[in-house]
Amino acid sequence: MSTPLSALPIRPLTMGDLLSCADLAENRGWPREERKWGLLLAAGTGYGIDDPDGKGLAACCVLTSYGPDLAAIGLLLVAEQHARQGLAQRLMAHVREAADGTPLSLYATSLGLPLYEKLGFTTVGRTETLRGQWQSPEATGQVQPVRTRRATGADLPALVRLDTEVFGADRTHLVTRLPAFADQLQVAFDGPRITGYAARWPTSATDVIGPLIAPDTETAKALVAALADGTGRSLRLDVDARHQELLGWLNERGLESVKGCTAMTYGVADLPGDRSRLFVVLNLATG
């Protein structure tokens with residue numbers, strides 16, 4: 001006889017659970033994205049409930065800490081055969097206890113939104129996920145005036161400082177992993193000063209651009225173009241919906257909105273930092 005779901009323990013996940021996490025994402029209709037899971041399990045803490053039949057994971061989620069001021073909850077997943085049996089609420093209670101009073105953020109799908117509202121999370125914004133085949137601005141005669149170049153190892157301290165200022169919390173453990181995680185890391189610069197940066201990283205289905213930090217929309221466009229022109233694959237971006245000009249420009253470049261998510265917080269009235277300069281998130285799981 002299988003162990004009742006209510007009696008199954010919640011345990012920390014390890015890199016040995018990476019494939020099980022990807023299997024669970026696929027079970028719920030999400031891309032496997034094993035590369036992303038590797039980053040999440042390295043930079044954050046995963047929690048899971050094993051399937052009572054010994055078939056991988058019944059449920060999981062990831063908590064990524066950014067110090068005492070913020071932690072992000074991401075990829076709360078419950079296997080389809082175990083849905084609506086209280087596993088999501090159990091995991092959320094466990095993660096909030098593990099956060100030990102640290103303010104929390106997450107991006108909610110329409111499916112998860114009622115649960116998060118019930119748990120006391122409040123809406124503070126929205127993202128739009130765009131996907132499609134990139135059409136280069138050069139094909140329409142447009143010129144990007146902002147100067148960009150590939151990042152080097154010497155740029156990392158400046159990128160960490162800029163990211164901390166904009167994100168409002170220390171993401172050193174993520175930013176310093178980007179050179180190895182991403183296929184291309186690009187910076188915008190004005191003389192010796194780095195003003196923005198963006199990364200492009202692959203999944204089995206698309207190339208993803210994110211994060212993207214920039215002082216203005218023109219710089220954001222230049223960084224996207226520099227990264228997008230380097231790939232012939234379909235692109236995906238999770239864009240902060242306040243940046244309507246960038247969204248319209250991406251639509252003109254061949255990308256279409258495929259879904260939206262709600263940005264939510266718990267224990268803090270709004271997200272910290274200068275989010276007007278955070279145009280595209282790294283991924284929805286890390287905030």
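A pocket, on a 1 Å grid laid over the protein atoms alone, is an open set of points with protein on both sides within 12 Å along at least five of seven lines, and its lining residues have an atom within 4 Å of a point. The structure is a predicted model, in which local features need pLDDT of at least 70 and side-chain atom pairs count only at pLDDT 80 or more, while totals for chains, interfaces and linings use all residues. Residues are numbered from 1 along each chain as its sequence is written, and side-chain values use heavy atoms, with hydrogens and water left out.

The largest pocket holds about 1,000 Å³ of space, a volume being the space filled by probe spheres set on grid points that are joined across faces, edges and corners. Of the 40 residues that line this pocket, Trp30, Leu76, Leu77, Thr109 and Leu111 are the closest to its centre. With helices (DSSP runs of H or I, at least four residues) and strands (E, at least two) numbered from the N terminus, at least two lining residues come from each of β4, α3 (87-99), β5 (104-108), α4 (113-118), β6 (122-133), β11 (234-240) and β12 (255-266). Strand β4 gives the most, six residues. The lining comprises 21 nonpolar, 10 polar and nine charged residues, where Ala, Val, Leu, Ile, Met, Phe, Trp, Tyr, Cys and Pro count as nonpolar, Asp, Glu, Lys and Arg as charged, and the others, Gly among them, as polar.

Strand β4 (71-78) also meets helix α1, whose buried residues pack against it as well as against α2 (34-43) and β3 (57-65). In α1 (residues 18-27), Leu18, Cys21, Ala22, Leu24 and Ala25 are buried, that is, under 20% relative accessible area with a 1.4 Å probe and protein chains only. Seen down the axis of α1, these residues fall within an arc of 160 degrees, so they line one face of the helix; the arc is that of the directions from the helix axis to the C-beta atoms. After α1 comes Gly29, with a positive phi near 85 degrees.

The largest nonpolar core has 32 residues, and those with the most contacts inside it are Tyr66, Leu159, Tyr197 and Leu282; such a core is a set of buried Ala, Val, Leu, Ile, Met, Phe, Trp, Tyr and Cys residues joined through side-chain atoms within 4.5 Å. Helix α5 supplies the largest share of this core, six residues. Tyr66, its neighbours within four places in sequence left aside, is in contact (heavy atoms within 4.5 Å) with residues including Ala71, Phe167, His173 and Thr286. Apart from this core lies another, of 27 residues, among them Tyr47, Ile49, Ala88 and Phe121.

The largest cavity contains about 80 Å³ of space, and its lining divides into five nonpolar, two polar and four charged residues, with β6 providing the largest share, three residues. Its lining includes Tyr107, Ala263, Leu271 and Arg275, and these residues are also among those that line the second largest cavity. That second cavity has about 40 Å³ of space, and β5 gives the most to its lining, three residues. Its lining residues divide into seven nonpolar, two polar and one charged.

How values were computed: Buried means under 20% relative accessible area, exposed over 50%, partly exposed in between (1.4 Å probe, protein chains only). On a 1 Å grid over the protein atoms alone, a cavity is a set of points where a 1.4 Å probe fits but cannot get out, and a pocket is an open set with protein on both sides within 12 Å along at least five of seven lines; lining residues have an atom within 4 Å of a point.
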